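Subject: Structure for you to look at

Hi there,

Here is the structure I promised to pass on. Have a look at it first, and then read my notes below.

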Protein chains: 2
Amino acid sequence: MQFEITREFIDRVKELIEFNKVQELKLLIDPLHPADIAEMMDDLSLDEARSIYLLLEDEKASDVLVEIPENDRKKILNVLPPELIATKFIEYMDSDDAADIVADLDEVLKQEVLKEIEDAEQAEDIADLLEYDEDSAGGIMAKELVSVNENWTVATCLKEISRQAEEVDEIFYVYVVDDELKLKGVLSLKKLILNPTHTKISNIYNKDVKTVNTDTRQEEIAEIMDKYDLIAVPVIDEEGCLKGRITFDDVIDFVREEAERDYQMISGISGDVEPGDKVWKLLNARIPWLLIGLLGGILGALVLGSHETELSTVTELAFFIPLIAAMAGNVGVQSSSIVVQSIASGVKEIESTSKRLLKEVLVAVATASIFAVLIFLYNFFTQGNMNLTYSVSISLFIVIIFASVFGSVIPMVLFKLKIDPALATGPFITTMNDILGLFIYLGIGKIFFRII
Amino acid sequence: MQFEITREFIDRVKELIEFNKVQELKLLIDPLHPADIAEMMDDLSLDEARSIYLLLEDEKASDVLVEIPENDRKKILNVLPPELIATKFIEYMDSDDAADIVADLDEVLKQEVLKEIEDAEQAEDIADLLEYDEDSAGGIMAKELVSVNENWTVATCLKEISRQAEEVDEIFYVYVVDDELKLKGVLSLKKLILNPTHTKISNIYNKDVKTVNTDTRQEEIAEIMDKYDLIAVPVIDEEGCLKGRITFDDVIDFVREEAERDYQMISGISGDVEPGDKVWKLLNARIPWLLIGLLGGILGALVLGSHETELSTVTELAFFIPLIAAMAGNVGVQSSSIVVQSIASGVKEIESTSKRLLKEVLVAVATASIFAVLIFLYNFFTQGNMNLTYSVSISLFIVIIFASVFGSVIPMVLFKLKIDPALATGPFITTMNDILGLFIYLGIGKIFFRII
């Protein structure tokens with residue numbers, strides 16, 4: 001039922017491209033869904049991918065182009081002549097996809113492509129969409145939608161829908177506007193079908209419609225569509241005029257990408273990689289954060305080196321270095337990830353910042369007390385050295401509180417500064433808390449063992 | 001435009017409930033969307049929430065009930081009489097929501113509720129849905145859908161749709177079946193509106209429809225709907241007969257929940273918590289994984305304790321303990337998260353397990369070489385002790401390879417054993433690799449310093 005791309009299939013495609021067997025290749029590729037062709041492209045070289053594009057009908061080629069990753073798309077397009085981009089690809093796309101693709105082109109090419117678009121209305125729509133910030137509703141919305149006047153009857157509507165529907169792939173909802181094009185409400189196709197043709201639209205449409213403004217941020221759009229289970233949401237300007245619509249597939253992609261990016265941050269991976277990727281790509285994704293870890297380790301070695309006297313006088317102090325570092329790291333990651341996840345899910349805080357901080361301190365003190373007591377009991381019964389027992393417990397107590405508060409506060413501060421708060425998760429927070437933990441631990445050890 | 005729940009609003013609601021001001025409360029709550037009421041419930045006590053349910057009209061009350069978290073729902077329902085559950089809630093729900101809710105009830109209550117459902121067809125639908133595994137398409141699908149026979153005309157279809165549409169909230173697609181109820185294809189409402197009434201359905205429907213089987217797993221359904229941008233997917237049985245449909249909102253919820261769960265695993269949080277939650281709930285979510293970290297720290301202390309001679313003879317060995325532990329932890333988390341994310345995103349591997357392992361080893365050796373050389377250079381120029389320089393570099397090399405391979409292999413093995421692979425991310429993998437790293441490091445130090 002479901003088509004699956006196998007290694008054999010890829011090998012066959014590569015072979016047919018190599019020997020330029022165009023007819024056989026067409027027979028193999030044509031029945032595939034654009035999303036499947038896009039997936040297959042991932043395993044082809046740039047040149048092989050280009051051969052496939054030239055082989056496909058224009059409409060399918062543009063559907064495939066919309067589905068592939070941004071970087072691959074740039075590589076394909078930046079060597080093509082502008083009028084080919086305009087006539088083979090852009091012409092068959094919805095305005096939102098077209099605008100995204102044009103926005104990614106180099107500045108000179110972008111202007112040339114815009115000039116080559118034959119349909120004046122489409123060119124205007126794209127130029128209009130390019131004005132908006134790409135993370136705002138204006139930057140995501142498509143211009144294609146079906147709208148009807150509130151004063152019409154069902155019969156007029158159906159006629160008008162037939163006229164407008166040609167350029168809209170899926171209708172989802174019909175938007176109802178007044179004479180000034182202000183959005184008044186929404187009408188489902190079901191309602192249109194179920195009502196007699198002479199019924200006035202104003203009597204059957206739903207006035208309670210959720211909308212977003214052209215400058216609403218992506219996060220908020222996703223939250224609204226998810227919360228109210230919307231397939232599409234209309235976008236209005238400050239005057240309440242209908243400007244476009246955003247559909248569920250844009251939002252699913254956004255939710256998934258955001259989640260993946262946060263997950264990569266916390267696991268110390270830069271970029272979107274899969275086990276199947278090439279070795280250099282995997283290395284590229286892994287080395288940056290490991291370098292930070294290495295620097296942190298070297299700093300840690302310097303901190304320990306500056307406490308050489310303590311460590312050589314009381315060797316046992318060294319035993320608990322991993323424990324202090326691990327607890328600091330784990331607590332910090334927990335705190336930061338709770339904050340990051342709540343920001344990502346768009347939860348509106350009904351508590352003030354000071355109240356949240358107080359709560360974080362409370363949780364930190366409670367956690368710190370529990371683990372300080374546990375390690376105290378362990379050391380009390382297994383270690384002969386009471387100074388060590390006190391040093392470890394007291395430093396663990398302090399370290400957990402610091403790690404917890406830092407872990408919460410840093411992402412909050414980053415968020416206020418409009419920097420991605422997820423930066424403060426994973427290797428960054430563990431490394432920072434490791435070093436801080438060592439400082440506190442050896443400082444306290446010094447006091448207890450009266451080492452001067 | 002967008003309603004927001006404020007602290008003041010919640011306080012006002014609590015006050016009105018306390019003083020039993022039913023009319024004012026109704027005025028305040030009635031205009032709200034069920035999703036907003038559900039969100040508000042989160043900040044109310046169980047008794048307060050019950051008062052709200054009694055106040056709402058039955059249809060709205062059941063919409064709210066569907067939106068609240070499973071655990072809260074159980075608490076509300078398990079004290080209500082079965083016939084109230086059946087007539088106030090279940091009767092107004094789609095079959096999929098109703099089945100989910102009935103499935104969660106205690107066994108005795110479940111049977112009683114099923115008996116109390118008045119609509120025989122609905123009772124049968126629910127009983128039927130309860131037969132399927134709750135993570136399979138059969139367990140997620142709703143029975144409500146609109147289907148038409150391929151031999152009908154558009155006119156017959158429109159009449160039949162009016163008849164069927166009453167119990168279906170949103171139609172999305174009309175499914176086309178043959179005389180044996182086997183699914184043949186799909187028809188959009190747009191096509192129905194755009195074609196003359198005498199057109200035969202068989203001439204206009206789309207035969208290329210993506211389907212899932214009743215036993216398809218949730219992960220795969222999400223992957224298919226996301227890949228092909230589907231709002232709804234029909235579910236068929238082994239004979240190809242149409243059994244139900246799954247809509248995009250079920251899948252968005254699933255994708256989001258899966259991502260959140262994986263994120264919690266890697267950050268060492270058990271359960272779904274937000275900074276705004278009560279202190280005990282936050283503690284409850286954080287302590288379990290920290291206990292594992294503590295145990296790991298104690299094991300680490302034992303490992304170091306058993307190498308007391310080495311550490312007291314060569315104090316400098318202790319300096320690099322945090323570096324070795326941190327690198328082992330970070331590398332392990334990277335490897336495991338790449339595997340877990342690729343499993344979660346449902347990527348079909350076109351490479352064999354042995355080839356993937358070989359690649360992981362290659363990446364590990366490359367990473368290990370880079371960082372072993374870096375730390376060698378650092379120590380060569382800053383430390384006088386060549387034995388230490390060699391020990392640190394060589395152990396870092398070995399530790400990275402082990403951490404990397406373990407990090408990849410453990411989630412793969414868990415997945416094969418049908419255990420959640422995400423268990424092997426976060427605190428678990430860092431703790432394990434920490435201890436392993438210490439073993440290797442001190443073992444190698446012992447050899448270089450010829451300590452017996």
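At what angle do helix α3 (residues 34-41) of chain B and helix α5 (residues 58-67) of chain B pack? The angle is about 55 degrees, and the axes are 8 Å apart. Axes here are lines fitted to C-alpha atoms, for helices over the stretch in contact, with angles running from 0 to 180 degrees between N-to-C directions. α3(B) is therefore oblique to α5(B); under 35 degrees counts as roughly parallel, over 145 as roughly antiparallel, 65 to 115 as roughly perpendicular and the rest as oblique. Helices (H or I, at least four residues) and strands (E, at least two) are DSSP runs, numbered from the N terminus.

Before going on, please note that this is a predicted model, in which local features need pLDDT of at least 70, side-chain atom pairs count only at pLDDT 80 or more, and totals for chains, interfaces and linings use all residues. Residues are numbered from 1 along each chain as its sequence is written, while chains are lettered from A and ligands numbered from 1 in the order in which they are written.

Back to the helix pair. On the α3(B) side, P34(B), A35(B), I37(B) and A38(B) meet K60(B), D63(B), V64(B) and E67(B) of α5(B) (contact means C-beta atoms, placed from the backbone, within 7 Å). By class, this contact has 5 nonpolar, no polar and 3 charged residues (Ala, Val, Leu, Ile, Met, Phe, Trp, Tyr, Cys and Pro count as nonpolar, Asp, Glu, Lys and Arg as charged, and the others, Gly among them, as polar).

α3(B) is mostly covered, with 6 of its 8 residues buried (20 or more other C-beta atoms within 10 Å; 12 or fewer is exposed, and in between is partly exposed). Those buried residues are D36(B), I37(B), A38(B), E39(B), M40(B) and M41(B). Their cover includes α1 (7-18), α2 (22-29), α4 (46-55), α5 and α6 (70-77) of chain B.

Elsewhere, N149(B) lies in strand β1 (residues 146-149) of chain B. N149(B) is partly exposed because 16 other C-beta atoms lie within 10 Å. Not counting residues up to four places away in sequence, N149(B) touches V177(B) and D179(B).

Finally, the two chains: 101 residues of chain A are in contact with 101 residues of chain B. Helix α17 (residues 279-305) of chain A gives the largest share of chain A's side, 16 residues.

Best wishes
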